[in-house]
Amino acid sequence: MQIQSNDLPVVVIGAGPVGLAAAAHLLVRNLRPVVLEAGADIASSIRSWSHVRLFSPWRYDVDRAAASLLEPRGWVAPDPEALPTGADLLERYLRPLAQVPAIASALRLDARVVAISRLGTDKVKTAARGDVPFVVRTRGSDGVERELLARAVLDASGTWATPNPLGASGLPALGEASLADRIHYGIPDVLGRDRQRYAGRTTLVVGAGHSAANTILALVELAEDAPGTRVIWTTRGSNLARVFGGGDADGLPERGKLGARLRSLVSSGDLKLVSELRITEVAEDRGRLAVRGHGPGGPLALDGIDRIVAATGQRPALDIARELRVEVDPALESVRALAPLIDPNEHSCGTVRPHGEAELRQPEPGFYVVGGKSYGRAPTFLLATGYEQVRSVVAYLAGDHAAAERVELDLPETGVCSTSASPGASGCCPPTEAAKAPTRADVADDAGSPCCAPRAETPRKAAEKASCC
């Protein structure tokens with residue numbers, strides 16, 4: 001019996017903000033979603049940082065299609081200018097959204113996706129590939145594997161569960177695995193449930209992003225009440241423009257304030273900063289930890305550490321798509337077309353301008369990586385960017401190509417955006433230098449600045465705002 005793909009559901013991997021938004025858009029477009037969530041509850045990653053306050057207000061955190069399903073059920077949108085915590089996001093928005101009957105019936109918890117392929121067709125076969133349904137294999141906590149068929153797959157599984165290690169080589173530092181019980185990956189609840197682990201102790205925070213900044217500021221606050229609490233901050237690089245931020249020029253004021261507070265602590269000497277430390281080893285030394293590596297002047301060691309917070313970013317899990325034809329950037333592991341816009345080797349823009357189906361399209365028809373995972377190892381992904389991604393992708397799947405090509409989002413700028421050609425620039429569009437060698441971003445953006453120019457191969461040039469952020 002021949003299976004018609006159009007009669008099958010669209011599988012969404014991940015029941016976080018972007019995954020649930022994708023389900024909402026599919027329902028609004030009269031397409032049938034099935035949402036697969038690895039955890040026992042929705043938004044398992046957000047629960048791990050539920051204590052953290054977002055720097056993006058509610059108006060950037062609620063998807064429009066999701067709101068259209070919630071409002072008829074009496075849901076009242078939060079104050080658009082208020083700043084939610086992760087717990088607020090979960091309980092005031094995502095939980096009610098998951099309880100919408102059409103989404104609740106599409107949600108399958110404890111269903112970890114372990115592989116995706118085409119039914120009876122491996123990666124090598126080309127003929128009529130796009131006409132064959134996807135087969136999505138899952139594994140539950142009971143170890144039982146199951147399969148379901150899909151007309152399309154949207155991977156919104158994120159990267160939070162696959163953090164980068166401490167080792168500067170991209171591999172775990174020597175000793176890191178054996179001492180993992182004293183290392184926290186992500187953002188610990190320093191002032192709440194994890195307080196006793198950090199009070200009166202010395203903590204090393206590793207990383208140069210907003211997760212590191214949040215943890216440092218919480219530890220500094222804890223030190224005011226708990227004598228003996230010390231914090232040391234170390235980064236691999238020396239350019240901290242991204243984490244210090246654009247101050248008053250940041251379109252998200254709380255993000256600007258976060259960086260300004262951190263900069264002030266470093267400038268005043270109240271926070272010890274060890275920059276350009278490339279960690280190679282973590283060892284136990286007389287009951288405490290010693291971190292060893294290389295600094296600008298040679299070998300460098302930090303001793304007397306009780307706990308380490310690894311705020312070193314995340315990386316995508318790529319194995320599930322091994323039997324699909326997927327293009328990822330070889331450096332960032334992001335969707336290939338996004339890499340020139342978000343590569344920290346090229347520029348420090350906080351976010352990429354709005355984009356959609358055209359940029360996310362893969363050689364495998366009907367398969368899309370969306371949300372934070374689409375950025376790969378690149379930092380600073382905003383929820384609103386993911387909402388725009390799935391709006392466009394779902395419009396395309398529904399046959400509304402005009403809507404898929406439209407840009408329906410204007411993101412706030414970071415106030416920090418410099419290219420490798422202009423290291424000191426603070427504006428979004430630094431002047432081009434005719435004599436500089438072309439970068440990968442220049443090749444993709446042949447109109448001039450790699451930060452601002454629309455990519456030549458996308459169909460959205462006339463509609464896009466010339467903004468890197």
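What you're looking at is a predicted model, where local features need pLDDT of at least 70, side-chain atom pairs count only at pLDDT 80 or more, and totals for chains, interfaces and linings use all residues. Residues are numbered from 1 along each chain as its sequence is written, and side-chain values use heavy atoms, leaving out hydrogens and water.

**The whole chain**

- The protein chain has 14 helices and 16 strands; these are DSSP runs numbered from the N terminus, with helices (H or I) taking at least four residues and strands (E) at least two.
- Of its 469 residues, 53% are buried, where buried means under 20% relative accessible area, exposed means over 50%, and partly exposed is in between (1.4 Å probe, protein chains only).
- Take the contacts (heavy atoms within 4.5 Å) in the protein chain with a separation of 6 or more: 69% of them come from residues 24 or more positions apart.

**Strand E9**

- Five of the five residues of E9 (residues 202–206) are buried, so this strand is largely enclosed by the rest of the structure.
- In a regular strand, side chains alternate between the two faces of the sheet.
- On E9, one side has Thr202, Leu204 and Val206, the other has Thr203 and Val205, and all of them are buried.
- E9 runs parallel to strand E10 (residues 230–234), joined by five bridges; strands count as paired if DSSP finds at least two bridges between them.
- E9 also pairs with strand E15 (residues 307–310) in the parallel sense, over four bridges.
- Val206 stands opposite Thr234 in E10 and opposite Ala310 in E15.

**Arg129, in a loop**

- You'll find Arg129 in the loop between strand E4 (112–118) and strand E5 (134–139).
- With a relative accessible area of 5%, Arg129 is buried.
- Its side chain reaches the backbone oxygen of Asp122 at 2.7 Å, and a polar atom of that side chain lies 2.9 Å from the backbone oxygen of Lys125.
- Setting aside neighbours within four places in sequence, Arg129 is in contact with several residues, including Arg118, Glu323 and Glu364.

**Ser334, in another loop**

- Ser334 sits in the loop between E15 and helix H10 (339–342).
- Ser334 counts as buried because its relative accessibility is 1%.
- Leaving out neighbours within four places in sequence, the contacts of Ser334 include Asp329, Ile342 and Tyr375.

Terms used:
A polar contact is a pair of N or O atoms within 3.5 Å; within protein, one must be able to donate a hydrogen and the other to accept it, and residues adjacent in sequence count only if both atoms are side-chain atoms.
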